[in-house]
Amino acid sequence: EEPVLYARNARDQFTGEHPLANLHPESFYSAPLFSSERELIGHLALMDDKPMDADTLETAVIGIYASRAATELERERTLEALHERDQRFSALTEQSNVAFLHLDNDRRVIEANDAMSEMREVDEPATIRGRSANECFAPGCMETFDGERKRRLRGEASTYDAVLIGARGARRDVIISAAPLISASGEVHGSVGLYTDVTELKRAE
């Protein structure tokens, strides 16, 4: 896709049912909008009732605006895609019977679901948010968590055992399946984990 310039008599290019036919432009300039991956995502156009030369200020200005508009469009598309993904992810975790925690790199709770609230013996996920996840587990788990935190920061996922302590003292054996959250730039900015209660299985062994 290349820029298109009709410096004069642009109205002759837009006839019949064309959306611009009723505007009768004398000149018309259109610049393609590309994403950072060179995908065509739209066009930015300038029309005038006077002739326009290729080396005029208007064409230079629209080239600048086209670049800015392409960047903004790509940003909006990325934000929309992230929002849709977050909505789907939230719906999935909120409705799941499996306990879930989203932690930052310091193991502070960013998000939890109702299943985790029940396992932790608290009324709602908000009670857990902002607190250290280490508060939820037996002291003997801290060495394991320290090693697992280092694995997350290296971008590694893993599954391991721990003992979760409820707010009213109940002890639960859990299997934790955890994975790092990695940004587009490759930076680890937290982790997510699923916590499966295997207390009854342990007792049956």
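Strands β1 and β2 (residues 27-34) pair in the antiparallel sense over three bridges; two strands count as paired if DSSP finds at least two bridges between them. Helices (H or I, at least four residues) and strands (E, at least two) are DSSP runs, numbered from the N terminus. Within this pairing, Phe28 of β2 is the bridge partner of Tyr6. The model is predicted: local features need pLDDT of at least 70 and side-chain atom pairs count only at pLDDT 80 or more, while totals for chains, interfaces and linings use all residues. Residues are numbered from 1 along each chain as its sequence is written, and side-chain values use heavy atoms, with hydrogens and water left out.

The open sheet consists of three strands in the order β1-β2-β3, with antiparallel pairing. Because β1 (4-6) and β3 (40-48) each have a single partner strand, they stand at the edges, and one side of each is left without a neighbour in the sheet.

Ser30 belongs to strand β2. Leaving aside residues up to four places away in sequence, Ser30 touches Pro3, Val4, His43, Leu44 and Ala45, where contact means heavy atoms within 4.5 Å.

| Residue | Relative accessible area |
|---|---|
| Ser30 | 9% |
| Cys136 | 4% |
| Cys141 | 8% |

A search of the whole structure finds zero disulfides, a disulfide being a pair of cysteine sulfur atoms within 2.5 Å.

Key: Buried means under 20% relative accessible area, exposed over 50%, partly exposed in between (1.4 Å probe, protein chains only).
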